[in-house]
Amino acid sequence: MPAKAIALIVTVDTKEAEARFLQDFITSHGWQAPVLDVSTRHPHSFPAAYPREEICRRGGVECKDLGTLRRDAMIATMGRGAAAVLQELYERGELAGVLGIGGNQGTAIAALAMRALPIGLPKVIVSTVASGNVRPYIEYKDIIMMFSVADLLGGPNTVSRTILSNAAGAVMGMAFYGRPLQTGERPVIAVTALGNTDPAVTAARGHLVELGYEVIAFHASGACGSAMEELIEAGVINGVLDLTPHELIGEVHGDDIYTPLRPRLEAAGRRGIPQVLSLGGLDYFCFGPPESIPPRFRGRPTHYHNPYNTNVRATAAELARVGEVMATKLNASRGPVAVLVPLKGWSENGRAGGPLHDPEADAALVAALEANLAPRIKLMKIEAHINDPVFATSAAAVMHQLMEVS
């Protein structure tokens, strides 16, 4: 029998009427709707399937002591507790989806809890803050944020009744019609991409598909690369063609808007699956609009990608440190690893004549790899730009070779 529960994460002390409305609406369509009460303030008599005392205890704090914590610690406690409940329901095969509602506090708790669940399980949050910056809440999970339009206060009304029922319908629809995350018959290779390396990624992907692989691209935007690392840990991915590890420069130096949300270049090594890496996008930092560039990066060679994205050249010293960190991570790998260095540039804007062309700075990273990589890791220098066809062909061939011998 398939999972039947659409779990509800609600601060019942302030949103009891909304909790009752959603529970009635969902159960009227044949689903169970257990409420996880993540209240932190006022007493109430709503019979939640998981009362706040239990949620709090599962978060590592007795409910009587919750009020002694600082506000952020209170939120974290309830998020951990709700996550523990959701994970238990999921592991028992009873959880079909999750719906959370809230303002800033309720959104934070619901997001903390949902991020503990695997990619693929339906997750929706109706939130008063969904029209702002939601990255801190979502991180790299497949959480849908729906703007509440009106405040969630005083019970369902002409506006919120529609929003809440639409959200519940979305979760039920995904749970009923959606497909669980399951691999097919072909081995799966992950490849990382940015616009600056798109020709290389597209060509390499085509070669690998012809060789019989399923190839999944992950944009090196901090979130996608982090999601890729989780999917590697989960066993969904069999090999990694990390052509664009741009996020590593943010992981090492900070500031970059694409700084990853979990460490990069580690999951594949722990699992021992084949890795082929290149240096795509490591030649620059990504920032938002020009006025957002931190002072210490101003005055460097800069590419104005669009009004909301600006690329600033990395220095030799910064890249040398990136090379050292990359080598340390790869040396810890349990499986086969190869590093391919395109000697004529690592991004479209890093070509000769491009605004970010600086072969001397690039050479500092390569020298750090040569000095620190373990002898068992193959370092291949290719007299080409990363987006030249010969490089994509070489990368795909090396990836295929490592997959065959692993």
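**Entry 1: a buried histidine.** The model is predicted, and I keep that in mind throughout. I started with His246. I found His246 in the loop between β8 (239-242) and α10. Is His246 buried or exposed? Its relative accessible area is 0%, so I noted it as buried. Next I looked for a polar partner of the side chain. A polar atom there lies 2.5 Å from the backbone oxygen of Gly281. Then I listed contacts, leaving out neighbours within four places in sequence. Gly280, Gly281 and Leu282 are among them, and so are Tyr284, Phe285 and Cys286. The list also includes Leu194, Ala220, Asp256 and Tyr258.

**Entry 2: cysteines.** How many disulfides does a search of the whole structure find? The search finds 0. For Cys224, the nearest cysteine sulfur is that of Cys286, 13 Å away. A disulfide needs the two sulfur atoms within 2.5 Å, so I ruled this pair out. Cys224 is partly exposed, at 30% relative accessible area. Cys286 is buried, at 2%.

**Entry 3: helix α4.** I turned to α4, residues 71-91. The helix has 21 residues. From first C-alpha to last, α4 reaches 31 Å, close to the expected 30 Å. Which residues of α4 are buried? I wrote down Met74, Ile75, Thr77, Met78, Gly79 and Gly81, then Ala82, Ala83, Val85, Leu86 and Leu89. What covers these buried residues? The cover includes the strands β1 (5-10), β2 (35-37) and β3 (95-102). It also includes the helices α2 (52-58), α3 (63-66) and α5 (104-114). Just after α4, I saw that Gly93 takes a positive phi of about 75 degrees.

**Entry 4: positive phi without glycine.** Most residues other than glycine have a negative phi. Val149 is not a glycine, yet its phi is positive, about 70 degrees. Val149 sits in the loop between β5 (144-147) and α7 (160-177). Val149 is exposed, at 54% relative accessible area. Leu265 has a positive phi too, about 65 degrees, and is not a glycine. Leu265 is in the loop between α10 (247-253) and α11 (267-271). At 1% relative accessibility, Leu265 is buried.

**Entry 5: salt bridges.** Side chains of opposite charge can pair when their charged atoms come close. How many salt bridges does a search of the whole structure find? The search gives 27. I picked out Lys329 and Glu266, whose closest N and O atoms are 2.5 Å apart. Lys329 lies in helix α12 (residues 316-331) and Glu266 in the loop between α10 and α11, so the pair ties together parts 63 residues apart in sequence. Lys329 is buried at 12% relative accessibility, while Glu266 is partly exposed at 27%. Both belong to a network of salt bridges that also links Lys141, Glu230, Glu233, Glu251, Arg262 and Arg270.

**Entry 6: Arg351.** I looked up Arg351 last. Its side chain meets that of Glu348 in a salt bridge, at 2.8 Å from N to O. Arg351 also meets Asp388, at 3.4 Å. This second pair links distant parts of the chain, 37 residues apart. Arg351 is in the loop between β13 (337-342) and α13 (359-372). Asp388 is in the loop between β14 (378-382) and α14 (389-405). I noted Arg351 as partly exposed at 26%, Glu348 as partly exposed at 33% and Asp388 as partly exposed at 21%.

Definitions and conventions. Residues numbered from 1 in each chain as written. Predicted model: local features only at pLDDT ≥ 70, side-chain atom pairs only at ≥ 80, totals over all residues. Heavy atoms only, no water. Helix = DSSP H or I, 4+ residues; strand = E, 2+ residues; numbered from the N terminus. Buried < 20%, exposed > 50% of the residue type's maximum accessible area, 1.4 Å probe, protein only. Polar contact = N/O pair within 3.5 Å; in protein donor to acceptor, adjacent residues only side chain to side chain. Contact = heavy atoms within 4.5 Å. Expected span 1.5 Å × (residues − 1). Salt bridge = Lys/Arg side-chain N within 4 Å of Asp/Glu carboxyl O.
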